[in-house]
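Subject: Structure handover

Hello,

Here is the structure for you to look through. My notes on it follow below.

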Amino acid sequence: MDSTKNDAPDGKTKGRFCLLASGALIFVGIAILLYLTQFQPHKPRFIIQDARNPNAHIGIYYEKLDVHAIYQHQQITLATALPRTYLDHEEVSVWSPVLYGKDVAISPLVAAGLMEDLQSGCVSLDIKVSGRLKWKLGSSMIGKYQLIANCPAYIPLGNPSKMESAVKYEFVHLCKVKVE
């Protein structure tokens, strides 16, 4: 038996191992980068007339949503519940809630401003949607998050003497959406 034989790997074996390890790390890094760019949930987009899921691979489950109107930073309608909804990848949902303000107490200053705007034939409101959502990736539900969407609306009322109980709003801006 040759006692000078060394069992340590030679330079070629070390080089191959380093090359293989480097390749594996690069592959894992690229896989993580692709995952983060493709499967990272994006907050939903709201326009006053619909909700939109911008995610290519993630669904959104709206567990509980309420909508109400705000005038000059004060709530002027009761909260109206929206139905539980699941939006699949890049899907759109249209809700048609009816907002009532008959039994909502508002400050005299806000009431005077609202009456003045009603007499002029148009009202600018913020429509606020708040509630909870979950993300759905494959068959797994991911977390529970608080959703707050604020949607500016301009509502022309036409002739104040012939005011109808139902009015159609005009879109002003995209809604500001926060998911926490």
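Let's start with the strands. Strand S2 (residues 50–52) and S7 are joined by 2 bridges and run antiparallel. Two strands pair if DSSP finds at least two bridges between them. Helices (H or I, at least four residues) and strands (E, at least two) are DSSP runs, numbered from the N terminus. In this pairing, Ala51 stands opposite Ser93 in S7. The open sheet has 3 strands in the order S1-S2-S7, with antiparallel pairing. Strand S1 (45–47) and S7 are its edge strands, and each pairs on one side only.

A word on the source. This is a predicted model, where local features need pLDDT of at least 70, side-chain atom pairs count only at pLDDT 80 or more, and totals for chains, interfaces and linings use all residues. Residues are numbered from 1 along each chain as its sequence is written, and side-chain values use heavy atoms, with hydrogens and water left out.

Next, the disulfide. A disulfide is a covalent bond between the sulfur atoms of two cysteines. The cut-off used is a pair of cysteine sulfur atoms within 2.5 Å. The count by this rule is 1 disulfide. Cys151 is joined to Cys175, S to S 2.0 Å. The link of Cys151 and Cys175 is right-handed, with 115° about the S-S bond. Cys151 lies in strand S9 and Cys175 in the loop between strand S10 (170–171) and strand S11 (176–179), so the pair ties together parts that are 24 residues apart in sequence. Both Cys151 and Cys175 are buried. Buried means under 20% relative accessible area, exposed over 50%, and partly exposed in between (1.4 Å probe, protein chains only). Cys18, at 48% relative accessibility, is partly exposed. Cys122 is partly exposed too, at 21%.

Now the aromatic rings. Rings of Phe, Tyr and Trp (its six-membered ring) pair if their centres lie within 6.5 Å; planes under 30 degrees apart count as stacked, over 60 as edge-to-face and the rest as tilted. That rule gives 2 aromatic pairs. Tyr62 and Trp95 are edge-to-face, 5.7 Å centre to centre with 85° between the planes. Tyr62 is in strand S3 (residues 59–71) and Trp95 is in the loop between strand S7 (92–93) and helix H2 (108–120), so this pair ties together parts 33 residues apart in sequence. Tyr62 and Trp95 are both buried. Trp135 and Tyr145 are tilted, at 6.2 Å centre to centre and 55° between the planes. Trp135 is buried at 4% relative accessibility. Tyr145 is partly exposed at 28%.

Last, the salt bridges. A salt bridge is a side-chain nitrogen of Lys or Arg within 4 Å of a carboxyl oxygen of Asp or Glu. The count comes to 4 salt bridges. One of them joins Arg132 and Glu63 (3.6 Å, N to O). Arg132 lies in strand S8 and Glu63 in strand S3, so the pair ties together parts 69 residues apart in sequence. Glu63 is buried at 10% relative accessibility. Glu63 also forms a salt bridge with Lys134, with the closest N and O atoms 3.5 Å apart. Shared partners join Glu63, Arg132 and Lys134 into one network. Another salt bridge links Lys64 and Asp66, at 2.8 Å between the closest N and O atoms.

Best wishes
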